Amino acid sequence: MLTPIEKKVIAALQGDIPVTEQPFLELARKLSISEDEFLNIVNDLNERGIIRRFGATIKHQKSGFKANAMVAWKVDESEVESVGRVMATFQEITHCYRRNPAPGWEYNMYTMVHAANEAECYEAVNRISKAVNQDNYTLLFSKKELKKTSMKYFED
Amino acid sequence: MTDSDIRHNENAESNGLDATDRKILNHIQLNFPITSRPYQTIANALDMTEDDVVRRVKRLRETGIIRRIGGNFGPDKVGYHSTLCAASVPPEKVAHFTSVVNAYTGVTHNYLREHHFNVWFTFIAPSVQTIRDNLARISSDTGISPILNLPSTRVFKISANFKL
């Protein structure tokens, strides 16, 4: 569970922290706590894994990975665990989840596949399909980014 | 995060970054110090001066190479719930549907995809019920139904490109 002050610290850290010599001092002052107390809370949140990553987020639009496909797979539930572990080892896959299927949508595993172009995406998915011995899947190439932002927690 | 998760990209040269910029960027994506004088800590690690690090980071921030510096939180770790949603939206209704969906702050990612189910978005909220209520409201506001609600039950991998 998170304490009220921890929630305030999380809210303070989820934006863009100032680029100054003592950025955490500025943030601490806004919460009327000492810099030491602020730093202790941040380090504690980090150690507890509540902060997934603290650092700079870089603009990657010119990266070499221009095509991305979401691949939805229908995998027998008894094989989900072993298939997921193998899928996770592929460097082309950045995200891999099991999700509940829904009425009219039988797929239960999802992978995000990144490659230089669509042909390489198909090629990678073909290799992954063979490696996990699963061939019931569908590719959904992204045509347009409609929204991309980071979540703001505890702001109300 | 293992070495196999880290992938190189060709960002650096095309953005006019020098070797020192890249060294700083590689360092502060994963190891931004949580200390009183973080830029002094970085300077010590990279054998630079605090002034030089601050100056370069300010420039990288101003030119947009650095989008932001801050914390990234997993929804489940802060007591929130997240899900992936999909809808089949006729082309002429995509713009309206998108404006309704994107107005929710809990919708953080939304993509148009080539498929019968063509609009895919993520929804984060304090409770499962809030997500269900909001999806029902989106359906009634847009006439688009069903909206698939596909919460994850097991995460095998989340990674990103950090190496410049």
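**Notes on the predicted model**

1. Ser139(B) counts as buried, because its relative accessibility is 17% (buried means under 20% relative accessible area, exposed over 50%, partly exposed in between, with a 1.4 Å probe and protein chains only). Ser139(B) belongs to helix α6 of chain B, residues 128-142 (helices, H or I of at least four residues, and strands, E of at least two, are DSSP runs numbered from the N terminus). Neighbours within four places in sequence aside, Ser139(B) is in contact with Ile144(B), Ser145(B) and Ile147(B), where contact means heavy atoms within 4.5 Å.

2. On conventions: this is a predicted model, in which local features need pLDDT of at least 70, side-chain atom pairs count only at pLDDT 80 or more, and totals for chains, interfaces and linings use all residues. Residues are numbered from 1 along each chain as its sequence is written, chains are lettered from A and ligands numbered from 1 in the order in which they are written, and side-chain values use heavy atoms, with hydrogens and water left out.

3. Chain B contains 6 helices and 6 strands. Read from the N terminus, the order of its elements is α-α-α-α-β-β-α-β-β-α-β-β. Chain B has 164 residues, of which 52% count as buried. Among the contacts in chain B with a separation of 6 or more, 61% are between residues 24 or more positions apart.

4. The size of an interface is often given as the accessible area lost when the parts come together.

5. The interface of chain B and chain A holds 39 residue pairs in polar contact, both residues at pLDDT 80 or more. A polar contact is a pair of N or O atoms within 3.5 Å; within protein, one must be able to donate a hydrogen and the other to accept it, and residues adjacent in sequence count only if both atoms are side-chain atoms.

6. Lys148(A) has His109(B) as its bridge partner in β3(B).

7. Within chain A, strand β4 (residues 109-115) is largely enclosed by the rest of the structure, because 6 of its 7 residues are buried. Strand β2 of chain A (residues 67-73) runs antiparallel to β4(A), with 7 bridges joining them. Strand β3 of chain A (residues 93-99) is likewise antiparallel to β4(A), joined by 5 bridges. Met112(A) in β4(A) stands opposite Met70(A) and is the bridge partner of His95(A).

8. The count of salt bridges over all chains is 15, with 3 across the interface of chain B and chain A. A salt bridge is a side-chain nitrogen of Lys or Arg within 4 Å of a carboxyl oxygen of Asp or Glu. Arg61(B) and Asp16(A) form one, the closest N and O atoms being 2.4 Å apart. In the salt bridge of Glu21(A) with Arg37(B), the closest N and O atoms are 4.0 Å apart. Glu21(A) lies in the loop between α1 (4-13) and α2 (23-30) of chain A and Arg37(B) in the loop between α2 (19-30) and α3 (38-46) of chain B, so this pair joins two chains. Glu21(A) is partly exposed at 37% relative accessibility, and Arg37(B) is partly exposed at 35%.

9. Asp52(B) takes part in salt bridges with Arg55(B), closest N and O atoms 2.7 Å apart, and with Arg56(B), closest N and O atoms 3.5 Å apart. Arg55(B) and Asp52(B) both lie in helix α4 of chain B (residues 50-62), 3 residues apart, about one turn of the helix. Asp52(B) and Arg56(B) are 4 residues apart in helix α4 of chain B, so about one helical turn separates them. Arg55(B) is exposed at 55% relative accessibility, whereas Asp52(B) and Arg56(B) are both buried. A network of salt bridges links Asp18(B), Asp21(B), Asp52(B), Arg55(B), Arg56(B) and Arg59(B).

How values were computed. Two strands pair if DSSP finds at least two bridges between them.
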